[in-house]
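Here is a short report on one protein chain. Keep the model in view as you read.

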Amino acid sequence: MTLAHAVAQTGNGFLSPTGVEIAFLLVGVATLAAAVLTVTTRQLVHAALWLVVALGGLAVEYLLLTAEFIAWVQVLIYVGSVVVLLLFGLMLTKAPIGRSPDADSGNRAAALTVAAAAAAALVWVVVDAFRTTWIDLEGPAQGSTRVTGEILFRHWVLPFEALSVLLLAALVGAIVLSRRSPEGREGKS
């Protein structure tokens with residue numbers, strides 16, 4: 001009996017994926033494609049919208065891993081707040097809406113090399129750290145919403161609030177930059 005035959009007979013192995021695993025893979029590919037489009041498009045608004053798709057795909061991945069609370073936090077904080085803040089910042093600072101020549105620095109080869117090296121290092125670290133860890137999707141949930149909420153609001157309140165103050169400061173900064181009058185027109189009415 002070959003190793004592949006033995007793995008296939010044990011049930012859920014590499015050669016017999018479940019529906020959740022297939023959905024996880026498909027959503028992961030779509031999320032990766034949206035992330036690549038986020039950093040390669042030359043239109044800033046399109047990049048922000050592709051970021052919404054990528055972050056939404058990540059939330060779906062959390063749902064597939066039975067981490068509902070984290071998925072909704074992902075949707076509310078990142079998709080709902082950060083991307084909206086980014087779009088408001090683009091609109092309030094009068095950033096170019098169409099193609100922007102400033103969005104391409106000409107260092108694509110260096111950026112691709114650094115991105116590939118960082119991705120390889122990240123994959124290597126994650127695979128090495130979780131080589132023997134398996135998530136039982138059909139068993140009881142590892143962390144309930146109640147436990148996650150207690151840990152978040154008991155131990156992580158200060159970073160959570162610091163992030164909200166940082167987002168508020170960024171929005172106020174965008175409004176101040178958009179309201180600044182042009183040079184030489186301050187004293188004239």
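## Contacts and overall make-up

A contact means heavy atoms within 4.5 Å. Among contacts in this chain between residues at least 6 apart in sequence, 68% join residues at least 24 apart.

The model is predicted: local features need pLDDT of at least 70, side-chain atom pairs count only at pLDDT 80 or more, and totals for chains, interfaces and linings use all residues. Residues are numbered from 1 along each chain as its sequence is written, and side-chain values use heavy atoms, with hydrogens and water left out.

The chain has seven helices and zero strands. Helices (H or I, at least four residues) and strands (E, at least two) are DSSP runs, numbered from the N terminus.

## Confidence

pLDDT is the predictor's confidence in each residue, from 0 to 100. Its average over the chain is 78, and 75% of the residues score at least 70. Over residues 3–8 the pLDDT is below 50. Beyond near neighbours in sequence, that stretch has five contacts in the model. Where pLDDT is low, the predicted coordinates should not be read in detail.

## Buried residues and the core

Buried means under 20% relative accessible area, exposed over 50%, and partly exposed in between (1.4 Å probe, protein chains only). Of the 189 residues in the chain, 14% are buried. Thr-38, in helix α2, counts as buried because its relative accessibility is 16%. Leaving aside neighbours within four places in sequence, Thr-38 is in contact with Ala-47, Trp-50 and Leu-51.

A nonpolar core is a set of buried Ala, Val, Leu, Ile, Met, Phe, Trp, Tyr and Cys residues joined through side-chain atoms within 4.5 Å. Which residues make up the largest one? The six are Ala-48, Leu-55, Val-79, Val-83, Leu-87 and Leu-90. Helices α3 (44–64) and α4 (68–92) each give two or more residues to this core. The most come from α4, with four. Not counting residues up to four places away in sequence, Val-79 touches Val-52, Leu-55, Gly-56, Gln-74 and Val-84.

## Surface

The chain exposes about 14,200 Å². Carbon and sulfur atoms supply 70% of that area. Accessible areas come from the Shrake-Rupley method with a 1.4 Å probe; for residues, only the protein chains shown count as cover.
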